[in-house]
4 protein chains.
Amino acid sequence: MSLSYVDLQNRFLAVHRNKLFEACVIFVIVLSALVIGAKTYDIPASVLRLFELLDLGITLFFLSEIVIRMLAAGSLSAFFRKGWNLFDFVIVGASLIPVEESEMALLGRLLRVFRVLRLVSLIPELRILLSAFLKAIPRMGYVSLLMFIIFYIYAAVGSIFFGGINPGLWENISIAMLTLFRVATFEDWTDVMYETMTVYPLSWIYYLSFIFVVAFVFLNMMIGIVLDVLQREHQEFDRETGEGEAGEVHWIRDHLQGMEQRLERMESLLERFSGTRPGH
Amino acid sequence: MSLSYVDLQNRFLAVHRNKLFEACVIFVIVLSALVIGAKTYDIPASVLRLFELLDLGITLFFLSEIVIRMLAAGSLSAFFRKGWNLFDFVIVGASLIPVEESEMALLGRLLRVFRVLRLVSLIPELRILLSAFLKAIPRMGYVSLLMFIIFYIYAAVGSIFFGGINPGLWENISIAMLTLFRVATFEDWTDVMYETMTVYPLSWIYYLSFIFVVAFVFLNMMIGIVLDVLQREHQEFDRETGEGEAGEVHWIRDHLQGMEQRLERMESLLERFSGTRPGH
Amino acid sequence: MSLSYVDLQNRFLAVHRNKLFEACVIFVIVLSALVIGAKTYDIPASVLRLFELLDLGITLFFLSEIVIRMLAAGSLSAFFRKGWNLFDFVIVGASLIPVEESEMALLGRLLRVFRVLRLVSLIPELRILLSAFLKAIPRMGYVSLLMFIIFYIYAAVGSIFFGGINPGLWENISIAMLTLFRVATFEDWTDVMYETMTVYPLSWIYYLSFIFVVAFVFLNMMIGIVLDVLQREHQEFDRETGEGEAGEVHWIRDHLQGMEQRLERMESLLERFSGTRPGH
Amino acid sequence: MSLSYVDLQNRFLAVHRNKLFEACVIFVIVLSALVIGAKTYDIPASVLRLFELLDLGITLFFLSEIVIRMLAAGSLSAFFRKGWNLFDFVIVGASLIPVEESEMALLGRLLRVFRVLRLVSLIPELRILLSAFLKAIPRMGYVSLLMFIIFYIYAAVGSIFFGGINPGLWENISIAMLTLFRVATFEDWTDVMYETMTVYPLSWIYYLSFIFVVAFVFLNMMIGIVLDVLQREHQEFDRETGEGEAGEVHWIRDHLQGMEQRLERMESLLERFSGTRPGH
């Protein structure tokens, strides 16, 4: 064969970039999702066998697709440099693990479920949403840490005081934290409160202060951070395209710089001019 | 008759634009809504017959109103070019379908209910609200798709693991998705969780991670998008009217352009001037 | 007596503006609120009589306070020109209505409760909050109207289809609207849904679409409007004080105008200058 | 000993600023939190004794750490000038109070719980979050006051009318306020409403108006204030670093000032120039 390696790579690249191929991949992912969903229904054994064949076909398709993309990338390091490729590789690789025993079969089905996530890596708009979400994580992390500290303190206080009243809700600090999460979602929280108020009539202070701090203040901070991240991304986009208020401000800044230089040149001209005049 | 077609059209246009006519239409829509509402009460047969007459009258009124607007528009294509006209036409047309049998009577009443929606197409402020809402839909669509994927994955995992514990809640993937929607609205979600925790003590991770991702993060994204759309509409409005910060920035941009051109002219004057000087 | 009317008015004005007098008024309002609250407890008859005396005293105090403010204003029309004065007048006037009979006593107590609202008219920060709230009302009104139309349509559909299943929840359109409000607050909404799903298995579409439109989209619009009103008030404040981004933009706009005029003068100087040159 | 006091202070400062020392402090705080949490589980007496020893060690460590920081600060007044130092001092001091009796032991455990809060004073990001929260408090305070007034009025009305229907929920004003807080969190509020509607069929107006004012309008104001505070902090940060839209506006403002001065100089040059010309 006279085909060089570069020729082959270009061919794979052409396949990879083909719109039809992409539509094909999306179709197979959706099919794979439907098979996963259909399996949760009671289905006759014959259809189940068909599904197993389909499953094998889907697995092979994903395998060949990822191999094509690897070959198209030229080298493994070039392929793995992109985060989303690693993401796809892990998902496809995980569903290849042979799980035959009944014990592990559950895990095998679980790993196949995550193949639906490949939709996220394929559709650009979802990728943007997810990366906006990931950008907000560091700032949300500190808010979450602060929330965790508040939960921990309230849970410790709760299990110290209410542990004897209802062990099912306040037995130890981890059960108390789960109970507090329930209170934070307003789920039958008054039942929890009325129970402890029979022993400690003032325990409403505990619940109300907790709800006020966590459900009102904290949640607002979360909303604030997500909004801030969204607005910043938009301002950035506006600045680049020159649209909107942020775009106009950027335009003004750029043009002002030009005007400033022009003024500098004009002043030096005027000064030199004025200096050479006899009347000066 | 010596009336030309254009005269007739102008007359219909005059009727259509008449404030009194508009008030009349709003009155009939509200009346139609009241009849729909009144019919849901237990009413004597005599009043019911009156209502049927009223209903016929309302239907005829709507029919003639839409015909007037069609004639006023001049041509059918001009009439249907406006989205809201098509909207009105479908609503009025649907309530014309003759449904006499008891089976279809329900459908007939249903179609009449949607006549209330004509209020939206008549009141400009509601039209603006609805179009703001429609503008947000494409961006909300992708967030919804991402949410659907997350729901689907969680539902598949849920029906695989919890299907045997409570089939009523986790039997198959569609029932599991409904259960997860219930969890997302915090509606008795702890009952669902405590049940599965008796078999899988660690299943709280499943619920807490789901609530965190869907109810907190996802909802915030929705709020963020709606806010962003509202703010953008306002900035746009400000820029056009020259009010507010966005309006002032736009004013600055416009005037800066004029100043730049003036500076250019001045510099060329200065340069020519300086070039003709003997001392140069 | 040699005191002129203007002297008297100035004296009343001095009393009215006195910080101590204002503190006194706030103290009496809080006292009045405490008396209202205390009366809801089981109290012995002797204390009750004391409360009645206190109540009389408070009523007299409020009466004299409002008379002082009226006299300080100079004329009745000047007094009533301020909205908050009318607000106070109605509240104080209402609690003067003699209600002795047992039937009306309840109403009398009710009218006294509203005296607490006078705190809002006295504390400037609360007044600002309330007027920000009132400013948002027109725009919220249209969102509410749109929401009402959606509620009405869903309630009509609900009572047509589900009226026979549970008359207590869907009997007629007004009861159905109350049930839908309950669904919108996520209060045991799954119980309502599971009941109708036994007859119409697809009725989850009805509930999910309603929750999506009302609880998610609509609420976000409300948040968006309140935020927008708050931000606009701040930008306005910034522009006036010259602080923040909006303030800087305003400063830039003002100075740019000066620069533009100066450039115009300079260009005309240059042009005249250039016109008189022989080499030209 | 020939060590001067300043030498000693510098040594303590060096210890205090040491990264390893800081990590050590964080480790001990987390350890202390874990001990607090572990104590809420059923643990054998031998482990409990170990915990008591650990507790003593932690207390001594915190004591010496705060003494080192005091000595590093040079003087007590310099130490206490920083709010966070006072915060730490109170937390460490409180856990030193000897509580041996069974009655007070509960209080002793409680005071130790608050040692977890020292994490907030140690991690800068959490400190920033907390101070952003504290900045929002004054403005939130007035919203809370307004909300309290609304709660108080509704509670008074509720206990006057519904006190006889269900004393457990409406007996007096404080119980009624707790019930209203429950309604505001949508927790089984329809049960409360349906009960009073049997006596007062129109009482749904009471609940719906309350929910509309408090849960919708008020909560939005809270969200608005938190968002506003967050945005302002960011604009401030942008202005200082010169990034983002606010940063660019600030840059424009600064440069415009320079351009204005240059223009002034140029005009005066031009004018002088023009004045000396013979043709003028």
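**Entry 1: a helix pair in chain A.** I began with helix H8 (residues 124-162) of chain A and helix H10 (residues 173-184) of chain A, which pack at an angle of about 115 degrees with their axes 8 Å apart. Helices here are DSSP runs of H or I with at least four residues, numbered from the N terminus. The axes are lines fitted to C-alpha atoms over the stretch in contact, and angles run from 0 to 180 degrees between N-to-C directions. H8(A) and H10(A) are therefore roughly perpendicular to each other (the term covers 65 to 115 degrees). I noted a right-handed crossing for H8(A) and H10(A), meaning the near helix is turned clockwise from the far one by less than a right angle.

Next I listed who touches whom, with contact meaning heavy atoms within 4.5 Å. H8(A) brings Phe148(A), Phe151(A), Tyr152(A), Tyr154(A), Ala155(A), Ala156(A) and Ser159(A), and H10(A) brings Ile173(A), Ala176(A), Met177(A), Leu180(A), Phe181(A) and Ala184(A). I sorted the residues of this contact between H8(A) and H10(A) into 12 nonpolar, 1 polar and no charged. Ala, Val, Leu, Ile, Met, Phe, Trp, Tyr, Cys and Pro count as nonpolar, Asp, Glu, Lys and Arg as charged, and the others, Gly among them, as polar.

**Entry 2: ground rules.** A reminder to myself: this is a predicted model, where local features need pLDDT of at least 70 and side-chain atom pairs count only at pLDDT 80 or more, while totals for chains, interfaces and linings use all residues. Residues are numbered from 1 along each chain as its sequence is written, chains are lettered from A and ligands numbered from 1 in the order written, and side-chain values use heavy atoms, with hydrogens and water left out.

**Entry 3: chain A against chain D.** How many residues of chain A are in contact with chain D? I found 62 from chain A, against 57 residues of chain D. The area buried between chain A and chain D is about 5700 Å², with carbon and sulfur atoms giving 72% (buried area is the accessible area, 1.4 Å probe, that two parts lose on being put together, summed over both). In chain A, Ile160(A), Arg253(A) and Glu267(A) lose the most area to chain D, together 11% of what that side buries.

I also superposed chain A on chain D: a rotation of 90 degrees with 0.1 Å of shift along its axis does it, at RMSD 0.2 Å. The two copies are thus related as by a four-fold rotation axis.

Definitions and conventions
Least-squares fit on C-alpha atoms with pLDDT ≥ 70 in both. Helix = DSSP H or I, 4+ residues; strand = E, 2+ residues; numbered from the N terminus. Parallel < 35°, antiparallel > 145°, perpendicular 65-115°, else oblique.
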